[in-house]
Amino acid sequence: MAMIATERKLLIGGEWVETGEWIEVRSPYDRAIVGRVPKAGAAEARKAVDAAEQAMREPLPAHERAAILDRTAALLAERADDASRTISAEAGKPMKAARVEAARAVSTFTMAAVEARKLAGDVVPMDASPAGAGKIAFTLRQPIGIVGAISPFNFPLNLVAHKVAPALAAGCAVVLKPASQTPLSALFLAELETEAGLPAGWLNVVCGPASEIGDVLVEEERVRLISFTGSAPIGWKLRERAPRKRVNLELGNATPVIVAADADLDDAATRLSANAFSFAGQSCISVQRIYVERSIYDAFLELFLPRVEALETGDPSDEATDVGPVISASDRDRILSWIEEAKSGGATVLTGGRLDGELLLPTVIAEPPPKAKVSCEEVFGPVCTVTPFDTFDEAIALANSTRFGLQAGVFTRNLKNALRAAHTLEFGGVTVNEAPTFRADQMPYGGVKDSGNTREGPAYAVREMTDVRLVVLQL
Ligand code: NAP
């Protein structure tokens, strides 16, 4: 049973605001109401942009921004239990995973505070060319302007942190639109930032119809950068509609991993069984396609399948649960239809493939056709595929046979093959002897191809959120 029924207000210009209309937030597990937030529209979004503009008229020095980020990290650490319960209640994320997310958000704020303190430009070697002789030049890192942030449901706290914390580190005010299914964690975080001393207008949170609020962020010239995390079609469309803004996209994946015959199979089976099904596969880098060298295919399955079957499926608020619900009944039905499509194309369901009550059981599909949706689209559910391969080159080609390119992994003890994979897998990140679901928050994280066009991680996001200004001095 989800335990929380919370009412939170929007934050605009330092005021907690109601609109007279409400969005009900329901548990994806049992559909119980876990909270409600005011429903905003274009008018509130514009007020939020006005408030952000007003805030940026009085820039905060770096030491103050850093201190606010540090205090937010400390408050989040103190309130980690509340944060985890809020995440779990609104996203249906098992408590085990929700606690990890809350701890990671602390680290995101901590890293952003470091970046606020060291944000600086470069010295340009002017006498390196005759034209520059007699001059000194350096660059300043100027805040780009108002950041419009749009976040997804699946990490409702830490992916908000990955936008808000670097923006504040860079000196930018933010207008945030969290996912309508999961606005409570974002507003909880806004409360902590206010408590940490963030002055009015630096963070504004508006919840409501995505297209209406999204349109304001696209059309408002004062919003200089849109930071979007979500699905690929929506992200790329936003970018198309805002050609004169920086539009940073963190999108989906169909995450592949290669298990070579020389890998530590026990370790690979343990890591992959956990990382294909954590949060019911609803991570953008959830393990989805496992390619196993044919000579160890059966041995790998003998280790992998019992671990998958041992995962506890159930109520996300139960500390023992590993796999909870997917976000909605329509997603559950979509995923079931994709499993059926793979089966009718000749694939075998090795475990799962059906419901236990309302919950989809962790599902492993052997040898789906390459064109089946489970092979090439992002499942975003508790489903992974296993397929044997004969040569390492074939495995690389299979892993690359996708329009996505966020993270990929390889398990091998052969250094040469590990480095070959690192060079030839067309992804933003490659993990070796670790599931490609791994992420630490200081890492540069982001994709190529359809998976996006930027890197998050405070050190990288801060650069995106600042412009370089050149200063030339004639001596
Ligand atoms: P989504 O449906 O694309 O929604 C993401 C956000 O975009 C939500 O806040 C949504 O608002 C908003 N939105 C929807 N339509 C919009 C529009 N026309 N204009 C502006 N904003 C709009 O994605 P999701 O289902 O929440 O999240 C899952 C997706 O996110 C997956 O594809 C996953 O791979 C990806 N993801 C990527 C990363 C990464 O770092 N690369 C991390 C996590 C998730 P509403 O909720 O109000 O519709």
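**A sheet, a helix and a ligand site**

Let's start with the sheet. Three strands make an open sheet, ordered β6-β7-β22, and the pairing is antiparallel. At the edges sit β6, residues 123–124, and β22, residues 466–474. Each of those two pairs on one side only. Keep in mind that this is a predicted model.

Now the pairing of β7 and β22. Strand β7 covers residues 135–143. Nine bridges join β7 to β22, and the two run antiparallel. If you want a residue pair to find on screen, take Ala 137: its bridge partner in β22 is Val 472.

Next, helix α10. It spans residues 297–309, so to speak, 13 residues in total. From first C-alpha to last, α10 reaches 18 Å. That is close to the 18 Å expected at 1.5 Å a residue. Which residues of α10 are buried? Tyr 297, Phe 300, Leu 301, Phe 304, Leu 305 and Val 308.

Last, the ligand. Glu 378 puts a polar side-chain atom 2.5 Å from a ligand oxygen. Leu 251 uses its backbone: an N or O atom there lies 2.8 Å from a ligand nitrogen. Phe 153 also has a backbone N or O atom in place, 3.1 Å from a ligand oxygen. Taken alone, the ligand exposes 910 Å², and the protein buries 85% of that.

Methods:
Residues are numbered from 1 along each chain as its sequence is written. This is a predicted model: local features need pLDDT of at least 70, side-chain atom pairs count only at pLDDT 80 or more; totals for chains, interfaces and linings use all residues. Side-chain values use heavy atoms; hydrogens and water are left out. Two strands pair if DSSP finds at least two bridges between them. Helices (H or I, at least four residues) and strands (E, at least two) are DSSP runs, numbered from the N terminus. The expected span of a helix is 1.5 Å times one less than its number of residues. Buried means under 20% relative accessible area, exposed over 50%, partly exposed in between (1.4 Å probe, protein chains only). A polar contact is a pair of N or O atoms within 3.5 Å; within protein, one must be able to donate a hydrogen and the other to accept it, and residues adjacent in sequence count only if both atoms are side-chain atoms. Accessible areas come from the Shrake-Rupley method with a 1.4 Å probe; for residues, only the protein chains shown count as cover.
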